[in-house]
Amino acid sequence: MRKYLLLAAICGAGLMQAQAQQQAAKKPLTHDVYDSWKGVAGEKISNNGKYVLFNVNTQEGDGELIIKNYISNATKQYSRGGRAEFSNDSRYAVFEIKPEYQQVRALKLKKKKADDLPKDSLAIVKLEDMSVVKVPRVKSYKLPKEGSDWLAYHLEKPLPEKKEAKSAEPKVEEPKKPAAKPLKQNKKAEGTELVLRNLQSGQEHRFTRVIDYIFSEKGNMLYFVKDELDSLHKAGVYAFSTSDLKTMPIDTGKVTYKSISADKAGEQMAYVATMDTVGAEIRYFNLYHWNKKDNKTALLADTVSKGMPKAWMVSEHGRLNFSEDGKRLFFGTFPRPTRYEKDTTKLEEEKVSLDIWTYKDPLIQPMQLKNKDRELKRSFLAMYDLRGKRIQQLATLEVPDVYLDAYGQGDVALGVSDEKYKITIGYETPTRKDAYLIDLKKGSKKQVLSETRGYPRMSPLGNYIYWYEPTDSSWHAMSSKGGANINLTKRIGLPFYDETNDIPTLPGDYGFAGWVEKDSYLLVYDKHDIWKLDPSGKKAPENLTDKYGRQNNMRLRYEQLDREEKFIPEDATVYVSGFNYATKADAFYRENISKKTAPEKLIGSDHSYAGLNKAKAGDRITFRRGSFREYNDIYTADANFGKVEKLSDANPQMKDYLWGNVELVNWKSTDGVPLEGLLFKPENFDPKKKYPMLVYFYERSSDGLHSYRTPAPSASTINIPYYVSNDYLVFVPDIVYIDGYPGESAMDCIIPGVQSLVAQGFVDDKNMALQGQSWGGYQIAYMITRTNMFKAAMAGAPVSNMTSAYGGIRWGTGMSRQFQYERTQSRIGGTLWEKPMQFIENSPLFFADRVKTPLLIMHNDQDGAVPWYQGIEYFMALRRLQKPVWMLVYNGEDHNLVQRKNRKDLSARMSQFFDHYLKGAPMPVWMKQGVPSVVKGKDYGFELVEPQPEVAGEANE
């Protein structure tokens, strides 16, 4: 016995030593690893379920496309493949091949123009044997929605022909012929060759000068627009029949053709066209229709057509689409613009440029300017009855938004308008709306809702209007045939409003799953379950998931696998995702729409599950599974989640790096409210050791316990894996708010959470820091005026002065910022003149003299969400007070960094900042001495400055 115990002890010691060596071999993450970290995207299953494809992409560099063949169990990689699709018959895969990243980069360094850079190629894979046909210089491709035999691809402009070398042979003079008068070329011609390829035979049909093209849904027709080349080769619209291989000219000779659209059967098509030149002040487009049966083109609508509103015209920007049965054509119109004569008596420098703001403007001038391009392209829905040969204008200036049933075949449409209430945008949310039923046979309009705060929509067949009404926190429905407004959820006695809402506005709903066929039921969510509601109000509401979600403290939600689904079959068995509020773990379930039974659990664990896909005609499914320690790789299984197989392994290099762990922590706020948060610990965490800690927060994050976080350069916030890998603790607390006291609410939630961790003995309470962006940045700016417990802080885009920010503009949208303070995230709950002291008390700027915490600010000069001057106000106050403060301003960047070079730069500076204050690392030059503007872009100041020996009589910084 002693021999076995000794052997076990030796084995145990050996195992521990091996584990220790393995841990010691791991290295911390550095900023240099970001480019190699990969992501998986674009997963698709062939319709027969026998093939799966997906992309594995690097953050910077060349990715690859992977196709898995379940017939031969073979896997094939295609370098730089992307935007891949399977053919409908599951026999082919088609994808684009990007140029090599380094090749393009090298050419850009040589200042090559865009036209001189390499272009995408096209790859066609025969799935049976994975053989590939490649086509160079392809700018787009299309497969028909339902047909299987055809592929269309559009080529780039051909490369210029190389000049022939001069020959040493004497040139023989040919007899001169009378020169033909050259045709005037269209120098702006953009048309290039379109190729239609039969996937089975490889036969190709080529069409020159093409600028736009579409397939009919069934693939029986290809429609395309040709550009004008010269006086003999005019612009035009053409059709090609893939059944009899014939090209049919539809219309030629006009200047511009746009918005080609076909009906579902491919037997009709429509387009808009004009004879007006591109430079004309007003271009008059007309609506045309072509019928394959008689191969005739007809003018349907112009400015003088019967039914066209007076002084209105066909819009070139309107979307054309046919009803499902092909009997109606929907198009756009708009009021004819006012023609202004050019003032030729004034020079450009003599003309006044100004914006005139008035209190009667429905939208303030910045919002008008932001929406200017959209307004110029705005169109109003109209209908052409192809059987009755009549135009009916549906949308108007007073009721601009019109919604149809899912098929465009119903007798009524729904008009929704907030025009009367637009003046309240900026301080009232949600905006009020009126709703109207529009009779598509008689042309009449009837108002059915007034000042609703919801978003009314139509059921798939158009039998009902439905909406969630925030004013009574209930779901409503109304018959489109003139029925009463029915409250569908009032008698259930459970809340259908967001119970976690803590902003001073009406709470929203939990969401909507869809409609059951025949408009028989609508499916909506409460916090836990899915409900079947009879829109007529005759049948009692039914808990579809049999209260399983509520009984198990879970959130159950319908998984829509068909993105074009119009309704859910009444006897369908569907997939449901589940989220456990206590453990934060995900699962997938199965539920039958027609049966009131508890969901059947298929798979679940302490992971996040997402991205469920299923083959249309097969049993194969794919899904994502991940956790903080596992990347969200792709898995596959049968329809019952049997035979689970991991398909992708995007980041095997994770095993070489120190990573860490995450756990859910609990505490109570100062007011006694139970709270949750996430604590990320280093991989070799030792509870007897004290660690520096970063505290990052934004509203609530604890539901992300099992979320993977990719090492990547920062757009504005800390990269948690990087800091945990480098021996930091990272604490992410949830925050709940009290109206009127956003700053104090943050303090009341965060400080007790930090103290509860410090009390456990492993946090170095002398080396803690704060980091956050936007709303989180504001709270940090506030907190450092109230506490000195943090050694450093980094605030991205912080509001520092609510009194000046309140009257500002969100330049990204042109909206007034007032709504944010009165009704949404800033949570003051009133106007500046109603609650002046709360605006001041919640503004860090007014208490800048109390700050003792070194602060790093990032606030970019094109920030469209939080005005740049908010960061400037705080910086200037702290600078004058000689507080240690730095501000990073990335030129041309918005609220969060977009350019990767800037993200890498910020990541490096943040880590240098925190390493200095929390780990005692030397200051970099940019912190110690600054970087003068004269060396901007040449010297970045990353070099570390070793501390100088202390001189007698002088104090260190």
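A residue counts as buried when its relative accessible area is under 20%, as exposed when over 50%, and as partly exposed in between (1.4 Å probe, protein chains only). The model is predicted, so to read along: local features need pLDDT of at least 70, side-chain atom pairs count only at pLDDT 80 or more, and totals for chains, interfaces and linings use all residues. Numbering runs from 1 along each chain as its sequence is written, and side-chain values use heavy atoms, leaving out hydrogens and water.

**Overall build**
- The chain holds 14 helices and 56 strands, taken as DSSP runs (H or I, at least four residues; E, at least two) and numbered from the N terminus.
- Its radius of gyration, over C-alpha atoms, is 33 Å, close to the 30 Å from the globule rule (2.2 Å times the number of residues to the power 0.38), so the chain is as compact as a globular protein of that length.
- Along the principal axes, the C-alpha atoms fill a box of roughly 95 × 90 × 85 Å.

**A covered strand, S53**
- Strand S53 spans residues 855-858 and has both faces covered: Leu855 and Ile857 are buried on one side, Leu856 and Met858 on the other.

**Neighbours of S53**
- Strands pair if DSSP finds at least two bridges between them; S50 (residues 792-796) pairs with S53 in the parallel sense over four bridges.
- Ala793 has Leu855 of S53 as its bridge partner.
- S54 (residues 885-888) runs parallel to S53, joined by four bridges, and Met887 in S54 stands opposite Ile857.
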